[in-house]
Amino acid sequence: MTAIELVQGDITRESVDAIVNAANSSLLGGGGVDGAIHRRGGPAILEDCRKLRASHYGKGLPTGQAVATTAGNLDARWVIHTVGPVYSATEDRSGLLASCYRESLRVADELGARTVAFPAISTGVYGWPMDDGDRIAVETVRSADTAVEEVRFVLFDRQAYEMFSQQLR
Ligand code: AR6
């Protein structure tokens, strides 16, 4: 059984085995949580990302997949980068969003990570409504077949935190 915890705050302040990044397929950084992770984690993360691009992801990391790098100066051993789908009102992309959580946990298992912190993937720049993104996050983690002992959802603001709490009940 994976325990699910909720925290309100900045995911770059968490102390866990792995911190999940809501990246984009370039793996070269961006705004939002991605920008915050690279800023606080320092250049070692970007260096690893560049190596991964050169060796495996010349065309970019596909949406719904996940890959790990060092966590640099963060209080974690790894950052797991995953690419969420951009929200669409006309096309159902929820399978891709669920895949981000599932694949991140699969990578965490490969690494031997026992505690993993997730942001609310795709709910910022990528426009996914929080009250649907939270449901997909919680349902996917609850049904995941993983050795991860604790998943911590780190929500940036009070409203997101409240929505996740609602979803957990
Ligand atoms: N800690 C925890 N959550 C955060 C933090 C933080 N420090 N900063 C933002 N959030 P977003 P996306 C929340 O936009 O929607 C980037 O440019 C935020 O409030 O970071 O998946 C990438 O490079 C929101 O609820 O990621 C991609 O191009 C959630 O994290 C693109 O944005 C996700 O918001 C990915 O968009």
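Let's start with β2, the strand at residues 18-23, which is mostly covered, with 6 of its 6 residues buried. A word on terms: helices (H or I, at least four residues) and strands (E, at least two) are DSSP runs, numbered from the N terminus. A residue is buried if 20 or more other C-beta atoms lie within 10 Å of its own, exposed if 12 or fewer, and partly exposed in between, with C-beta atoms placed from the backbone.

Please keep in mind that this is a predicted model, where local features need pLDDT of at least 70, side-chain atom pairs count only at pLDDT 80 or more, and totals for chains, interfaces and linings use all residues. Residues are numbered from 1 along each chain as its sequence is written.

Which residues cover the two faces of β2? On one side we find A18, V20 and A22, on the other I19, N21 and A23, and all of them are buried.

Now for the partners of β2. Two strands pair if DSSP finds at least two bridges between them. Strand β4, residues 78-83, runs parallel to β2 and is joined to it by 6 bridges. Within that pairing, A23 has V83 of β4 as its bridge partner. Strand β5, residues 115-118, also pairs with β2 in the parallel sense, over 2 bridges, and there V116 stands opposite A18.

β4 has another partner too: β3 pairs with β4 in the antiparallel sense over 5 bridges. Strand β3, at residues 66-70, is mostly covered, as 4 of its 5 residues are buried.

Let's move to the ligand. How many residues surround the ligand? There are 24, and the closest are A22, N24, G30, G32 and G124. Here a residue is near a molecule or strand if its C-beta atom, placed from the backbone, lies within 6 Å of it. Sorted by class, the shell holds 13 nonpolar, 9 polar and 2 charged residues. For that count, Ala, Val, Leu, Ile, Met, Phe, Trp, Tyr, Cys and Pro are nonpolar, Asp, Glu, Lys and Arg are charged, and the others, Gly among them, are polar.

While we're at α1, have a look at R39, which sits in this helix. Is R39 buried or exposed? R39 counts as exposed because it has 12 C-beta neighbours inside 10 Å. From R39 to G29 is 10 residues in sequence and 9.5 Å in space, C-alpha to C-alpha.

Finally, the whole chain. Its 5 helices and 6 strands follow the order β-β-α-α-β-β-α-β-α-β-α from the N terminus on. The radius of gyration is 14 Å, close to the 15 Å that the globule rule gives for 169 residues, so the chain is as compact as a globular protein of that length. That radius is taken over C-alpha atoms, and the rule is 2.2 Å times the number of residues to the power 0.38. Of the 169 residues, 41% count as buried. The C-alpha atoms fill a box of roughly 40 × 35 × 30 Å, taken along the principal axes.
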